[in-house]
Amino acid sequence: MAMPVSGVPSQTPAAQVPAGRALARVGRAITSNRKATVGSILLAIFILIAIFPYAIAHESPIQDAYAPQLGISTAHLLGTNHYGQDLFSQLVWGTRNVMIIALVVGLATTAIAVLVGVAAAYLGGLWDSSLSVLTDVLLVIPLFPLLIVIAAYAQGGTTLVLIAAITLTSWSYTARQLRSQALTLRNRDFLEAARVRGERRLYIIVVEVIPTMISLIVASFLTNALYAVLFASSLQFIGLGDPNTVSWGTTLYWAQNNAALQTGAPLWAIAPGACIAVLGAAFALLNYAFDEIGNPALRPVRKIRQKRKAVQLASGDVEGVQ
(Lines give C-alpha, C1' and ligand atoms only; values in the text may rest on other atoms or scores of the structure.)
Protein backbone atom coordinates (compact mmCIF):
# COMPACT_ATOMS: atom_id res chain seq x y z
CA MET A 1 0.00 0.00 0.00
CA ALA A 2 1.40 3.39 -0.98
CA MET A 3 2.25 5.82 1.85
CA PRO A 4 1.73 9.53 1.21
CA VAL A 5 3.93 12.23 2.68
CA SER A 6 1.67 12.71 5.67
CA GLY A 7 2.19 9.09 6.67
CA VAL A 8 -1.47 8.18 6.33
CA PRO A 9 -2.05 5.13 4.06
CA SER A 10 -3.78 6.06 0.84
CA GLN A 11 -7.11 4.37 0.31
CA THR A 12 -8.24 2.81 -2.93
CA PRO A 13 -11.47 4.42 -4.13
CA ALA A 14 -14.37 2.32 -2.91
CA ALA A 15 -16.02 2.27 -6.32
CA GLN A 16 -13.01 0.72 -8.02
CA VAL A 17 -12.94 -2.46 -5.96
CA PRO A 18 -16.63 -3.42 -6.42
CA ALA A 19 -16.43 -2.51 -10.11
CA GLY A 20 -13.38 -4.71 -10.61
CA ARG A 21 -14.95 -7.55 -8.68
CA ALA A 22 -18.20 -7.18 -10.59
CA LEU A 23 -16.38 -7.34 -13.93
CA ALA A 24 -14.43 -10.37 -12.74
CA ARG A 25 -17.64 -12.11 -11.69
CA VAL A 26 -19.25 -11.34 -15.05
CA GLY A 27 -16.20 -12.71 -16.84
CA ARG A 28 -16.23 -15.91 -14.79
CA ALA A 29 -19.98 -16.30 -15.29
CA ILE A 30 -19.66 -15.93 -19.07
CA THR A 31 -16.78 -18.39 -19.38
CA SER A 32 -18.46 -20.95 -17.11
CA ASN A 33 -21.78 -20.88 -19.01
CA ARG A 34 -21.76 -22.46 -22.46
CA LYS A 35 -24.68 -20.41 -23.72
CA ALA A 36 -23.03 -17.20 -22.62
CA THR A 37 -19.72 -18.22 -24.17
CA VAL A 38 -21.23 -19.07 -27.56
CA GLY A 39 -23.46 -15.99 -27.55
CA SER A 40 -20.55 -13.72 -26.61
CA ILE A 41 -18.34 -15.12 -29.37
CA LEU A 42 -21.05 -14.70 -32.01
CA LEU A 43 -21.89 -11.18 -30.86
CA ALA A 44 -18.20 -10.21 -30.78
CA ILE A 45 -17.80 -11.43 -34.36
CA PHE A 46 -20.71 -9.30 -35.57
CA ILE A 47 -19.41 -6.25 -33.67
CA LEU A 48 -15.95 -6.62 -35.21
CA ILE A 49 -17.47 -6.98 -38.68
CA ALA A 50 -19.55 -3.85 -38.10
CA ILE A 51 -16.49 -1.87 -36.95
CA PHE A 52 -14.07 -3.07 -39.65
CA PRO A 53 -16.13 -4.02 -42.73
CA TYR A 54 -13.51 -2.65 -45.11
CA ALA A 55 -10.98 -5.17 -43.77
CA ILE A 56 -13.22 -8.08 -44.81
CA ALA A 57 -15.08 -6.94 -47.93
CA HIS A 58 -13.00 -4.88 -50.35
CA GLU A 59 -15.69 -4.40 -53.02
CA SER A 60 -18.24 -1.61 -52.77
CA PRO A 61 -21.66 -2.96 -51.72
CA ILE A 62 -23.49 -0.55 -54.07
CA GLN A 63 -21.19 -0.73 -57.09
CA ASP A 64 -22.88 -2.48 -60.02
CA ALA A 65 -19.74 -2.94 -62.12
CA TYR A 66 -19.84 -6.73 -62.21
CA ALA A 67 -21.72 -9.16 -64.39
CA PRO A 68 -25.18 -9.95 -62.96
CA GLN A 69 -25.97 -13.31 -61.32
CA LEU A 70 -22.40 -14.56 -61.10
CA GLY A 71 -21.95 -17.76 -59.14
CA ILE A 72 -19.80 -18.37 -56.07
CA SER A 73 -16.09 -17.80 -56.73
CA THR A 74 -12.96 -16.55 -55.01
CA ALA A 75 -13.65 -13.07 -56.38
CA HIS A 76 -17.29 -13.09 -55.26
CA LEU A 77 -17.76 -15.39 -52.27
CA LEU A 78 -21.57 -15.30 -52.53
CA GLY A 79 -21.84 -14.33 -56.18
CA THR A 80 -23.57 -11.21 -57.49
CA ASN A 81 -27.22 -10.18 -57.66
CA HIS A 82 -29.34 -9.11 -60.63
CA TYR A 83 -27.79 -5.64 -60.53
CA GLY A 84 -24.20 -6.88 -60.62
CA GLN A 85 -23.53 -6.03 -56.96
CA ASP A 86 -21.35 -8.24 -54.76
CA LEU A 87 -23.57 -10.05 -52.24
CA PHE A 88 -20.79 -10.74 -49.74
CA SER A 89 -19.96 -7.03 -49.56
CA GLN A 90 -23.63 -6.19 -49.00
CA LEU A 91 -23.82 -8.62 -46.08
CA VAL A 92 -20.61 -7.37 -44.49
CA TRP A 93 -21.36 -3.66 -44.87
CA GLY A 94 -25.00 -4.21 -43.91
CA THR A 95 -23.87 -5.55 -40.53
CA ARG A 96 -22.98 -2.02 -39.39
CA ASN A 97 -26.51 -0.70 -39.92
CA VAL A 98 -28.04 -3.67 -38.14
CA MET A 99 -25.70 -3.43 -35.14
CA ILE A 100 -26.24 0.32 -34.82
CA ILE A 101 -30.00 -0.22 -34.66
CA ALA A 102 -29.67 -3.13 -32.22
CA LEU A 103 -27.34 -1.40 -29.77
CA VAL A 104 -28.89 2.08 -29.88
CA VAL A 105 -32.47 0.82 -29.61
CA GLY A 106 -31.49 -1.71 -26.94
CA LEU A 107 -29.80 0.93 -24.78
CA ALA A 108 -32.42 3.63 -25.31
CA THR A 109 -35.39 1.33 -24.75
CA THR A 110 -33.88 -0.19 -21.63
CA ALA A 111 -33.00 3.24 -20.23
CA ILE A 112 -36.57 4.48 -20.69
CA ALA A 113 -37.95 1.28 -19.16
CA VAL A 114 -35.64 1.57 -16.14
CA LEU A 115 -36.60 5.20 -15.62
CA VAL A 116 -40.33 4.59 -15.90
CA GLY A 117 -40.59 1.17 -14.24
CA VAL A 118 -38.32 1.71 -11.25
CA ALA A 119 -39.54 5.25 -10.61
CA ALA A 120 -43.18 4.15 -10.73
CA ALA A 121 -42.57 1.30 -8.30
CA TYR A 122 -40.52 3.22 -5.78
CA LEU A 123 -42.35 6.56 -5.80
CA GLY A 124 -45.82 5.00 -5.77
CA GLY A 125 -48.99 7.03 -5.47
CA LEU A 126 -49.89 9.32 -8.36
CA TRP A 127 -46.55 8.66 -10.08
CA ASP A 128 -47.17 4.92 -10.12
CA SER A 129 -50.76 5.32 -11.33
CA SER A 130 -49.88 7.73 -14.13
CA LEU A 131 -46.87 5.80 -15.41
CA SER A 132 -48.73 2.50 -15.15
CA VAL A 133 -51.60 3.86 -17.26
CA LEU A 134 -49.14 5.01 -19.92
CA THR A 135 -47.44 1.60 -19.88
CA ASP A 136 -50.77 -0.27 -20.08
CA VAL A 137 -51.92 1.81 -23.05
CA LEU A 138 -48.78 0.91 -25.01
CA LEU A 139 -49.06 -2.74 -23.99
CA VAL A 140 -52.53 -3.19 -25.46
CA ILE A 141 -51.63 -1.61 -28.81
CA PRO A 142 -50.29 -4.17 -31.35
CA LEU A 143 -46.65 -3.17 -31.70
CA PHE A 144 -45.77 -4.14 -35.26
CA PRO A 145 -48.87 -2.58 -36.89
CA LEU A 146 -48.14 0.58 -34.91
CA LEU A 147 -44.57 0.56 -36.23
CA ILE A 148 -45.87 0.13 -39.78
CA VAL A 149 -48.14 3.17 -39.38
CA ILE A 150 -45.36 5.32 -37.90
CA ALA A 151 -42.79 4.26 -40.50
CA ALA A 152 -45.28 4.76 -43.34
CA TYR A 153 -46.12 8.32 -42.32
CA ALA A 154 -42.61 9.33 -41.23
CA GLN A 155 -40.63 11.13 -43.85
CA GLY A 156 -37.71 9.24 -45.34
CA GLY A 157 -37.82 5.97 -43.40
CA THR A 158 -34.13 6.42 -42.59
CA THR A 159 -32.20 4.54 -39.92
CA LEU A 160 -32.81 7.40 -37.47
CA VAL A 161 -36.55 7.18 -38.08
CA LEU A 162 -36.54 3.42 -37.48
CA ILE A 163 -34.54 3.84 -34.26
CA ALA A 164 -36.91 6.53 -32.96
CA ALA A 165 -40.06 4.60 -33.91
CA ILE A 166 -38.93 1.31 -32.34
CA THR A 167 -37.57 2.99 -29.21
CA LEU A 168 -40.70 5.03 -28.49
CA THR A 169 -43.06 2.09 -28.92
CA SER A 170 -41.28 -0.92 -27.43
CA TRP A 171 -40.25 0.04 -23.88
CA SER A 172 -43.54 -0.70 -22.13
CA TYR A 173 -43.15 -4.47 -21.61
CA THR A 174 -39.68 -4.06 -20.13
CA ALA A 175 -40.94 -1.26 -17.88
CA ARG A 176 -43.68 -3.54 -16.58
CA GLN A 177 -41.11 -6.26 -15.76
CA LEU A 178 -38.79 -3.84 -13.98
CA ARG A 179 -41.67 -2.30 -12.05
CA SER A 180 -42.70 -5.73 -10.75
CA GLN A 181 -39.14 -6.46 -9.66
CA ALA A 182 -38.74 -3.04 -8.03
CA LEU A 183 -41.99 -3.49 -6.08
CA THR A 184 -40.49 -6.52 -4.35
CA LEU A 185 -37.54 -4.37 -3.22
CA ARG A 186 -39.39 -1.25 -2.04
CA ASN A 187 -39.77 -2.35 1.58
CA ARG A 188 -36.45 -4.15 2.01
CA ASP A 189 -34.32 -3.34 5.05
CA PHE A 190 -31.44 -1.78 3.12
CA LEU A 191 -33.83 0.71 1.50
CA GLU A 192 -35.39 1.51 4.86
CA ALA A 193 -31.90 2.12 6.21
CA ALA A 194 -31.15 4.49 3.32
CA ARG A 195 -34.36 6.42 4.01
CA VAL A 196 -33.50 6.63 7.71
CA ARG A 197 -30.09 8.04 6.80
CA GLY A 198 -31.92 10.80 4.96
CA GLU A 199 -30.85 9.82 1.46
CA ARG A 200 -32.69 11.44 -1.42
CA ARG A 201 -35.09 9.46 -3.58
CA LEU A 202 -32.93 9.82 -6.67
CA TYR A 203 -29.91 8.50 -4.77
CA ILE A 204 -31.86 5.53 -3.45
CA ILE A 205 -33.18 4.64 -6.91
CA VAL A 206 -29.84 4.99 -8.69
CA VAL A 207 -27.45 3.66 -6.03
CA GLU A 208 -29.57 1.25 -3.99
CA VAL A 209 -32.35 -0.13 -6.21
CA ILE A 210 -30.97 -0.32 -9.75
CA PRO A 211 -27.70 -2.19 -8.90
CA THR A 212 -29.74 -5.03 -7.38
CA MET A 213 -31.54 -5.46 -10.73
CA ILE A 214 -28.49 -5.57 -13.02
CA SER A 215 -29.06 -9.11 -14.27
CA LEU A 216 -32.68 -8.33 -15.19
CA ILE A 217 -31.65 -5.06 -16.84
CA VAL A 218 -28.97 -6.81 -18.91
CA ALA A 219 -31.45 -9.48 -19.95
CA SER A 220 -33.95 -6.75 -20.89
CA PHE A 221 -31.32 -4.98 -23.00
CA LEU A 222 -30.55 -8.21 -24.88
CA THR A 223 -34.25 -8.82 -25.50
CA ASN A 224 -34.82 -5.27 -26.71
CA ALA A 225 -31.79 -5.46 -29.01
CA LEU A 226 -33.07 -8.72 -30.47
CA TYR A 227 -36.53 -7.32 -31.18
CA ALA A 228 -34.97 -4.16 -32.63
CA VAL A 229 -33.15 -6.29 -35.22
CA LEU A 230 -36.31 -8.21 -36.08
CA PHE A 231 -38.57 -5.14 -36.26
CA ALA A 232 -36.12 -3.02 -38.26
CA SER A 233 -35.37 -5.82 -40.73
CA SER A 234 -39.07 -6.53 -41.13
CA LEU A 235 -39.88 -2.88 -41.82
CA GLN A 236 -37.04 -2.65 -44.34
CA PHE A 237 -38.17 -5.90 -45.95
CA ILE A 238 -41.68 -4.59 -46.62
CA GLY A 239 -40.26 -1.36 -48.06
CA LEU A 240 -40.78 1.03 -45.14
CA GLY A 241 -37.08 1.69 -44.68
CA ASP A 242 -34.67 3.54 -46.91
CA PRO A 243 -34.15 1.17 -49.89
CA ASN A 244 -30.78 2.79 -50.60
CA THR A 245 -29.42 1.88 -47.15
CA VAL A 246 -27.08 -1.11 -47.12
CA SER A 247 -28.66 -3.44 -44.57
CA TRP A 248 -29.83 -7.03 -44.31
CA GLY A 249 -33.46 -5.94 -44.42
CA THR A 250 -33.02 -3.87 -47.59
CA THR A 251 -31.08 -6.74 -49.18
CA LEU A 252 -34.09 -8.97 -48.52
CA TYR A 253 -36.35 -6.24 -49.94
CA TRP A 254 -34.50 -6.12 -53.28
CA ALA A 255 -34.24 -9.91 -53.37
CA GLN A 256 -38.00 -10.22 -52.93
CA ASN A 257 -38.68 -7.56 -55.57
CA ASN A 258 -36.56 -9.46 -58.07
CA ALA A 259 -37.95 -12.90 -57.12
CA ALA A 260 -34.48 -14.14 -56.21
CA LEU A 261 -35.65 -17.59 -55.12
CA GLN A 262 -37.45 -18.18 -58.41
CA THR A 263 -34.81 -16.72 -60.75
CA GLY A 264 -31.75 -18.71 -59.73
CA ALA A 265 -30.26 -16.40 -57.07
CA PRO A 266 -31.27 -18.04 -53.76
CA LEU A 267 -28.28 -16.71 -51.80
CA TRP A 268 -29.55 -13.18 -52.35
CA ALA A 269 -32.44 -13.99 -49.99
CA ILE A 270 -31.02 -16.84 -47.89
CA ALA A 271 -27.76 -15.19 -46.80
CA PRO A 272 -29.22 -12.05 -45.12
CA GLY A 273 -31.98 -14.14 -43.56
CA ALA A 274 -29.37 -16.50 -42.12
CA CYS A 275 -27.39 -13.55 -40.72
CA ILE A 276 -30.51 -12.22 -38.97
CA ALA A 277 -31.14 -15.67 -37.51
CA VAL A 278 -27.56 -16.10 -36.26
CA LEU A 279 -27.47 -12.62 -34.68
CA GLY A 280 -30.84 -13.30 -33.07
CA ALA A 281 -29.48 -16.58 -31.71
CA ALA A 282 -26.51 -14.72 -30.21
CA PHE A 283 -28.78 -12.31 -28.33
CA ALA A 284 -31.10 -15.15 -27.29
CA LEU A 285 -28.25 -17.32 -25.96
CA LEU A 286 -26.89 -14.42 -23.92
CA ASN A 287 -30.38 -13.69 -22.63
CA TYR A 288 -30.92 -17.28 -21.49
CA ALA A 289 -27.44 -17.35 -19.97
CA PHE A 290 -27.95 -14.19 -17.91
CA ASP A 291 -31.29 -15.56 -16.77
CA GLU A 292 -29.51 -18.66 -15.46
CA ILE A 293 -26.68 -16.62 -13.95
CA GLY A 294 -28.98 -14.13 -12.25
CA ASN A 295 -31.62 -16.61 -11.07
CA PRO A 296 -30.66 -17.87 -7.60
CA ALA A 297 -33.18 -20.72 -7.85
CA LEU A 298 -31.08 -22.39 -10.55
CA ARG A 299 -27.78 -22.28 -8.67
CA PRO A 300 -28.55 -24.80 -5.89
CA VAL A 301 -29.98 -27.23 -8.45
CA ARG A 302 -26.77 -27.18 -10.47
CA LYS A 303 -24.63 -27.49 -7.33
CA ILE A 304 -26.66 -30.40 -5.99
CA ARG A 305 -26.41 -32.21 -9.31
CA GLN A 306 -22.67 -31.61 -9.47
CA LYS A 307 -22.19 -32.86 -5.90
CA ARG A 308 -24.36 -35.90 -6.59
CA LYS A 309 -22.32 -36.76 -9.67
CA ALA A 310 -19.09 -36.31 -7.74
CA VAL A 311 -20.30 -38.59 -4.95
CA GLN A 312 -21.45 -41.24 -7.43
CA LEU A 313 -18.15 -41.10 -9.29
CA ALA A 314 -16.22 -41.36 -6.03
CA SER A 315 -18.27 -44.37 -4.94
CA GLY A 316 -17.85 -46.08 -8.30
CA ASP A 317 -21.53 -45.90 -9.23
CA VAL A 318 -20.91 -45.13 -12.89
CA GLU A 319 -24.37 -46.27 -14.04
CA GLY A 320 -26.11 -43.80 -11.75
CA VAL A 321 -24.32 -40.80 -13.26
CA GLN A 322 -26.47 -39.11 -15.88
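Visitor: Which residues of α3 meet α10?

Guide: This is a predicted model. In α3, the residues are Asn97, Val98, Ile101, Ala102, Leu103, Val105, Gly106, Leu107, Thr109, Thr110 and Val114. They meet Ile217, Ser220, Phe221, Asn224, Ala225, Ala228, Val229, Ala232 and Gln236 in α10.

Visitor: How many nonpolar, polar and charged residues in that contact of α3 with α10?

Guide: It has 13 nonpolar and seven polar residues. There are no charged ones.

Visitor: And at what angle do the axes of α3 and α10 cross?

Guide: Roughly 130 degrees, with the axes coming within 7 Å. Here α3 is residues 87-123 and α10 is residues 214-237. The two helices are therefore oblique to each other.

Visitor: Is the crossing of α3 and α10 left-handed or right-handed?

Guide: Right-handed.

Visitor: New topic. Which residues have the most contacts inside the largest nonpolar core?

Guide: Val229, Trp248, Leu279 and Phe283, in a core of 29 residues.

Visitor: Which helices each supply at least two residues of this core?

Guide: α2 (34-51), α3, α10, α11 (248-257) and α12 (267-294). The most comes from α12, which gives 10 residues.

Visitor: Back to Val229. What is Val229 in contact with, leaving aside neighbours within four places in sequence?

Guide: Val98, Ala102, Ile276, Leu279 and Phe283. Val98 and Ala102 are also on the α3 side of the contact with α10.

Note on methods
Residues are numbered from 1 along each chain as its sequence is written. This is a predicted model: local features need pLDDT of at least 70, side-chain atom pairs count only at pLDDT 80 or more; totals for chains, interfaces and linings use all residues. Side-chain values use heavy atoms; hydrogens and water are left out. Axes are lines fitted to C-alpha atoms, for helices over the stretch in contact, and angles run from 0 to 180 degrees between N-to-C directions. Helices (H or I, at least four residues) and strands (E, at least two) are DSSP runs, numbered from the N terminus. Angles under 35 degrees count as roughly parallel, over 145 as roughly antiparallel, 65 to 115 as roughly perpendicular and the rest as oblique. A crossing is left-handed if the near helix is turned anticlockwise from the far one by less than a right angle, and right-handed if clockwise. Contact means heavy atoms within 4.5 Å. Ala, Val, Leu, Ile, Met, Phe, Trp, Tyr, Cys and Pro count as nonpolar, Asp, Glu, Lys and Arg as charged, and the others, Gly among them, as polar. A nonpolar core is a set of buried Ala, Val, Leu, Ile, Met, Phe, Trp, Tyr and Cys residues joined through side-chain atoms within 4.5 Å. Buried means under 20% relative accessible area, exposed over 50%, partly exposed in between (1.4 Å probe, protein chains only).
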